[in-house]
Amino acid sequence: MARPVILAVDDDPPVLRAVERDLRARYGHDQRIIAAESGQRAVEVLAELKLRATPVAVIVTDQRMPGMSGTELLAQARELAPDAKRVLLTAYADTEAAIEAINSIRLDHYILKPWDPPEERLYPVLDDLLADWQAQVQPAFEGVRLVGSRWSPRVHEIKDFLARNLVPYRWLELEPPTGTVGGSPDATAAAAVREAEQLVKAADVTPAELPLVVFPDGSHLAGPTNLQVAEQLGLRTRPTAPFYDLAIVGGGPAGLAAAVYGASEGLKTVLIEREAPGGQAGTTSRIENYLGFPVGLSGADLTRRAVSQASRLGAEILTPQEAGALRLGDPYRTLVLADGSELNAHAVLIAVGVAYRQIDAPGVAELTGRGVFYGAAITEALQTSGQDVAIVGGGNSAGQAAVYLSGFARQVTLLVRGASLGQGMSQYLVDQIDATPNITVRLGVNLR
Ligand SMILES: Cc1cc2nc3c(=O)[nH]c(=O)nc-3n(C[C@H](O)[C@H](O)[C@H](O)COP(=O)(O)OP(=O)(O)OC[C@H]3O[C@@H](n4cnc5c(N)ncnc54)[C@H](O)[C@@H]3O)c2cc1C
């Protein structure tokens, strides 16, 4: 991949030179720094970079510029460089415009001028944004490849496992997706089928042995369990020590927060998670009410941040691994893990959260994983492109799924037992649903 670009824009030459100098000093080694002296020039630069398929990581722009303001430039940049992180470098007088831009153009950050010392006021913001960008950007594909049918529950489970563990993967089918709206085989679909056929042949597996998982080092597993996939990926599934000060069961926000505080207090801490860190929060497309994140963040983002914070402070995270039983001894408590192994700790903190209620209407169990999914909005979103989707539920997770899937599906219908949406859903989601034309809400519906 070409070196990603950081684009600096300011109409005041000495200020532009100073920004460029500070950016080059810190990021010049890994990123290409480009300076533009106007919004218009910046748009031209972005268009050239697009044609050359050069990724733009961050745009740092002044707000007040003749001809085109910083926010106008950033609005245009959403088309030319949709993945780029957007930062306004503003004078105090323009703070209001910057706050307005958080909503109107999804501004990622604003920094007040002067930004001296950059080590305190500029670099921490850009470091964070670059890490986010790097986590999201899609370079030429080098990750895990999964071959199997969209109607296979195991394929869905592996996709969900990889996605929730933040492992980049590409899913390939042996047949083109005919019979789906908007799914007539095109050149890209045909190339994907070709690649799937080549992988199946090279791995010498039969259709009955699918799904096939091919790893970046060229190794492969046919019909693997999640644990086998995890071990091949090098995820840590077994404890490294027999004794811990603190063992935490459950890697949702509660367990991860406990891991951060336990490890930061110097306790030898282990966290055991049976599916993927992040818990329920890890499955959400956008959390808008988490303190300290004014523009919201995705569940995957929250998980990545929490896992790296806990790991950096020294907590050990075992996943996928399940705690099956707890024995109370003196002075240790003993956790028996699903694979039969044991670990001991002075204290055990149980943060196992909740699981989805299952629907027991006829046919649901048989179709689960093959058209019926629980809380799988992110994993299955692409497959709903151009299709009609029904979501059962009237709580916040149903609301978030409806808003997210409305960006892919032709029509989303929300089936709600209650008499109004507001009974079980936050007002910000009710408002978003009201404002989304391809979401229909049906109240008083009971699925039997
Ligand atoms: C789709 C969705 C969207 C949401 N959006 C928001 C939002 O925008 N704002 C908000 O405030 N809240 C939101 N929530 C709610 C929020 O995510 C939960 O309140 C929060 O995740 C609860 O955290 P927790 O750590 O207590 O439990 P959980 O998140 O449920 O985590 C518990 C973890 O324990 C693991 N576990 C269970 N048993 C075992 C075992 N025996 N061994 C090992 N591991 C085990 C589970 O696999 C799970 O990962 C949302 C929830 C969902 C599902």
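Figure 1. Helix α10, a run of twelve residues (253-264), should span 16 Å at 1.5 Å a residue, and its end C-alpha atoms do lie 16 Å apart, which agrees; the expected span is taken as 1.5 Å times one less than the number of residues. Helices (H or I, at least four residues) and strands (E, at least two) are DSSP runs numbered from the N terminus. The model is predicted, so that local features need pLDDT of at least 70 and side-chain atom pairs count only at pLDDT 80 or more, whereas totals for chains, interfaces and linings use all residues. Residues are numbered from 1 along each chain as its sequence is written, and side-chain values use heavy atoms, with hydrogens and water left out. The buried residues of α10 are Gly 255, Leu 256, Ala 258, Ala 259, Val 260, Gly 262 and Ala 263, where buried means under 20% relative accessible area, exposed over 50% and partly exposed in between (1.4 Å probe, protein chains only). Their cover includes β10 (243-249), β11, α11, β12 and β15, contact being defined as heavy atoms within 4.5 Å. Just after α10, Gly 266 takes a positive phi of about 85°.

Figure 2. Three strands form an open sheet in the order β16-β17-β18, with parallel pairing; two strands pair if DSSP finds at least two bridges between them. The edge strands, each pairing on one side only, are β16 (388-392) and β18 (439-442). Neighbouring strands of this sheet are turned against each other by 20° on average, direction ignored. Strands β16 and β17 (residues 411-415) run parallel and are joined by five bridges, and Val 389 stands opposite Val 412 in β17. Helix α14 (residues 396-405) lies across β16, β17 and β18 and runs at about 170° to β16, with axes fitted as lines to C-alpha atoms (for helices over the stretch in contact) and angles running from 0 to 180 degrees between N-to-C directions.

Figure 3. The structure holds 22 salt bridges, each a side-chain nitrogen of Lys or Arg within 4 Å of a carboxyl oxygen of Asp or Glu. In one of them, the side chains of Glu 157 and Arg 154 meet at 2.8 Å, N to O. Because they are three residues apart in helix α7 (residues 153-164), Glu 157 and Arg 154 are separated by about one helical turn. Glu 157 counts as partly exposed at 38% relative accessibility, and Arg 154 counts as partly exposed at 25%.

Figure 4. Arg 274 and Glu 322 meet through their side chains in a salt bridge of 3.5 Å, N to O. Arg 274 lies in the loop between β11 (269-272) and α11 (299-312), and Glu 322 in the loop between β12 (316-318) and β13 (323-328), so the pair ties together parts that are 48 residues apart in sequence. Arg 274 is partly exposed at 47% relative accessibility, as is Glu 322 at 35%. A further salt bridge joins Arg 327 to Glu 342, their closest N and O atoms being 3.1 Å apart. With Arg 327 in strand β13 and Glu 342 in strand β15 (residues 342-350), this pair links distant parts of the chain, 15 residues apart. Arg 327 is partly exposed, with a relative accessible area of 43%, and Glu 342 is partly exposed, with 40%.
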